[in-house]
Amino acid sequence: GSASNPQVVMNIIISFVGAGILGIPEAFQQSGWLLGCATLFLTSAFNIYSMLRLPTVQTILQQRQQQRQRQQRNGLSATTTTSPTSAPTTTTTTTDHDDNNHNQSPIQSYGDVGRCVLGQRG
């Protein structure tokens, strides 16, 4: 994207904190201090974990995209499956065209990650 780092930070604060802050008093009134604090802490921890995982997801998707592009230049289309406990497994088939042209652009934003994972309509 074209936004600077301070603009991204402000956008995150406005979109997440702004909307969420309005519901916190009602949530604490309904759940109580102990459960309210525990829920707020767990939700915050999951959000931070997810946010920190996004660069890793971006790197993995870019590596897969580059591998796919190299194989297409050689006239092959490949699907690579990786599991945490085994080595990557690649299935290769010959194709004349690529149905996933949206995967050709670099991954630079959350939208690009979504398109790469879920496809054009995702």
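This report describes the fold, surface and confidence of a predicted model of one protein chain.

## Secondary structure and contacts

Three helices and two strands make up the chain. Read from the N terminus, these elements follow the order α-α-β-β-α. Among them are helix H1, which covers residues 5-31, and helix H2, which covers residues 33-73.

Of the contacts in the chain with a separation of 6 or more, 33% join residues 24 or more positions apart. Buried residues amount to 12% of the 122 residues in the chain.

## Surface

A nonpolar patch lies on the surface and consists of Val9, Met10, Ile13, Ile14, Phe16, Val17, Ile21 and Leu22. Together these residues have about 830 Å² of accessible area. Phe16, one of the patch residues, is located in helix H1. Phe16 is classed as exposed because its relative accessibility is 59%, against a cut-off of over 50%.

## Confidence of the prediction

The mean pLDDT of the chain is 76, and 73% of the residues reach at least 70. Among the elements, helix H2 has the highest mean pLDDT, at 89, whereas strand E2 (residues 89-94) has the lowest, at 46. Across residues 90-103 the pLDDT is below 50, and in the model this stretch makes 27 contacts beyond near neighbours in sequence.

Key: Residues are numbered from 1 along each chain as its sequence is written. This is a predicted model: local features need pLDDT of at least 70, side-chain atom pairs count only at pLDDT 80 or more; totals for chains, interfaces and linings use all residues. Side-chain values use heavy atoms; hydrogens and water are left out. Helices (H or I, at least four residues) and strands (E, at least two) are DSSP runs, numbered from the N terminus. Buried means under 20% relative accessible area, exposed over 50%, partly exposed in between (1.4 Å probe, protein chains only). Contact means heavy atoms within 4.5 Å. Patches are made of residues with over 30% relative accessible area and no salt bridge: like charges are joined within 9 Å, nonpolar side chains (Val, Leu, Ile, Met, Phe, Trp, Tyr) within 5 Å. Accessible areas come from the Shrake-Rupley method with a 1.4 Å probe; for residues, only the protein chains shown count as cover. A salt bridge is a side-chain nitrogen of Lys or Arg within 4 Å of a carboxyl oxygen of Asp or Glu. pLDDT is the predictor's confidence in each residue, from 0 to 100.
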